[in-house]
Amino acid sequence: MTLSKSQLATLERPLKAHLADVEELQQTLKTLEKTAADREAGKWADPNPKPGHGVAVLADQRRDIEVQIERHLALVRLGRDPRVREALGELLKNPDLVKEAAQDPRAFAAARGIELPPTMDVEIQRDGDGRPHLRLTNYDRTVPFDLTWGPKGLDIRR
């Protein structure tokens with residue numbers, strides 16, 4: 001079973017938000033790189049530079065931003081993975097599969113070739129009609145979120 005256009009649209013909203021975050025982080029990275037290049041060339045905007053504001057600190061900040069960018073992009077890849085969307089469709093189509101998936105969501109995902117981040121917890125439950133409800137919680141401090149997905153689509157809390 002494929003997901004409806006409205007269900008797909010609810011999946012796409014947070015992915016677009018991740019991509020917007022990536023754009024913002026890339027702009028910050030460009031500014032940081034220019035600042036680092038200026039400081040390496042001896043051009044400081046501050047006539048009295050303070051300790052802890054040197055090029056080494058900027059390099060650490062750059063690495064942190066690069067990690068954030070990669071984590072956002074990994075979540076976008078996961079959310080757009082056709083195997084994820086197919087698995088969600090399977091759960092909608094087959095209420096008995098929901099019970100099986102609920103016992104070990106990671107094994108359910110892995111059996112379909114889906115690799116979940118180690119920082120992500122997945123809970124799967126059935127409502128009274130047997131329809132699936134998933135709760136994904138990402139504990140990664142870089143991109144934390146909590147969302148639920150059901151037959152109508154996604155509900156996000158960042």
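Tutor: Buried means under 20% relative accessible area. Keep that cut-off in mind. The model here is predicted.

Student: Is Leu154 buried or exposed?

Tutor: Leu154 lies in strand E4, residues 153-157. Its relative accessible area is 12%. The cut-off for buried is under 20%. Therefore Leu154 counts as buried.

Student: Which residues is Leu154 in contact with, leaving aside its neighbours within four places in sequence?

Tutor: Start with the setting: Leu154 is part of strand E4. Neighbours within four places in sequence are left aside. The contacts are then Thr10, Leu11, Arg13, Pro14, Leu147, Thr148 and Trp149.

Student: How far apart in space are Leu154 and Leu8?

Tutor: Along the sequence, 146 residues separate Leu154 and Leu8. The distance in space is taken C-alpha to C-alpha. It comes to 9.0 Å.

Student: What separates the C-alpha atoms of Gly128 and Glu23?

Tutor: Gly128 sits in the loop between strand E1 (120-126) and E2. Gly128 is exposed, at 83% relative accessible area. Gly128 and Glu23 are 105 residues apart along the chain. Their C-alpha atoms are separated by 42 Å.

Student: Now the salt bridges. How many does a search of the whole structure find?

Tutor: A salt bridge pairs a side-chain nitrogen of Lys or Arg with a carboxyl oxygen of Asp or Glu, within 4 Å. The search covers the whole structure. The number of salt bridges found is 12.

Student: Which residue forms a salt bridge with Asp38?

Tutor: The closest N and O atoms of this pair are 2.9 Å apart. Asp38 is partly exposed, at 24% relative accessible area.

Student: What separates Asp38 and Lys34 along helix H1?

Tutor: Helix H1 covers residues 5-40. Asp38 and Lys34 are four residues apart in it. So their separation is about one helical turn.

Student: How far apart are the closest N and O atoms of Arg77 and Glu70?

Tutor: These two residues form a salt bridge. Arg77 is partly exposed, with 48% relative accessibility. Glu70 is partly exposed too, with 40%. The closest N and O atoms are apart by 2.6 Å.

Student: Where is Asp140, the salt-bridge partner of Arg71?

Tutor: The side chains of Arg71 and Asp140 meet at 3.2 Å, N to O. The pair links distant parts of the chain, 69 residues apart. Arg71 belongs to helix H2, residues 55-80. Asp140 lies in the loop between strand E2 (132-138) and strand E3 (145-150).

Student: Is Asp140 buried or exposed?

Tutor: Asp140 has a relative accessible area of 7%. The limit for buried is under 20%. So Asp140 is buried.

Student: Is Glu12 buried or exposed?

Tutor: Glu12 has 19% relative accessibility. Buried means under 20%. So Glu12 counts as buried.

Student: What polar contact does the side chain of Arg85 make?

Tutor: Arg85 is in helix H3. At 19% relative accessibility, Arg85 is buried. Among the residues Arg85 touches are Leu3, Leu8, Leu11 and Leu15. Its side chain makes a polar contact, at 3.5 Å, with the side chain of Glu12.

Student: Why do H3 and H4 count as oblique to each other?

Tutor: Two packed helices are described by the angle between their axes and the distance between the axes. Helix H3 (residues 82-93) and helix H4 (residues 95-103) have axes 5 Å apart. Roughly perpendicular runs from 65 to 115 degrees, and roughly antiparallel starts over 145. H3 and H4 are therefore oblique, with an angle of about 120 degrees.

Student: How do the residues of the contact of H3 with H4 divide?

Tutor: From H3 come Glu90, Leu91 and Lys93. They meet Pro95, Leu97, Val98 and Ala101 in H4. The contact divides into five nonpolar, no polar and two charged.

Note on methods:
Residues are numbered from 1 along each chain as its sequence is written. This is a predicted model: local features need pLDDT of at least 70, side-chain atom pairs count only at pLDDT 80 or more; totals for chains, interfaces and linings use all residues. Side-chain values use heavy atoms; hydrogens and water are left out. Helices (H or I, at least four residues) and strands (E, at least two) are DSSP runs, numbered from the N terminus. Buried means under 20% relative accessible area, exposed over 50%, partly exposed in between (1.4 Å probe, protein chains only). Axes are lines fitted to C-alpha atoms, for helices over the stretch in contact, and angles run from 0 to 180 degrees between N-to-C directions. Angles under 35 degrees count as roughly parallel, over 145 as roughly antiparallel, 65 to 115 as roughly perpendicular and the rest as oblique. Contact means heavy atoms within 4.5 Å. Ala, Val, Leu, Ile, Met, Phe, Trp, Tyr, Cys and Pro count as nonpolar, Asp, Glu, Lys and Arg as charged, and the others, Gly among them, as polar. A polar contact is a pair of N or O atoms within 3.5 Å; within protein, one must be able to donate a hydrogen and the other to accept it, and residues adjacent in sequence count only if both atoms are side-chain atoms.
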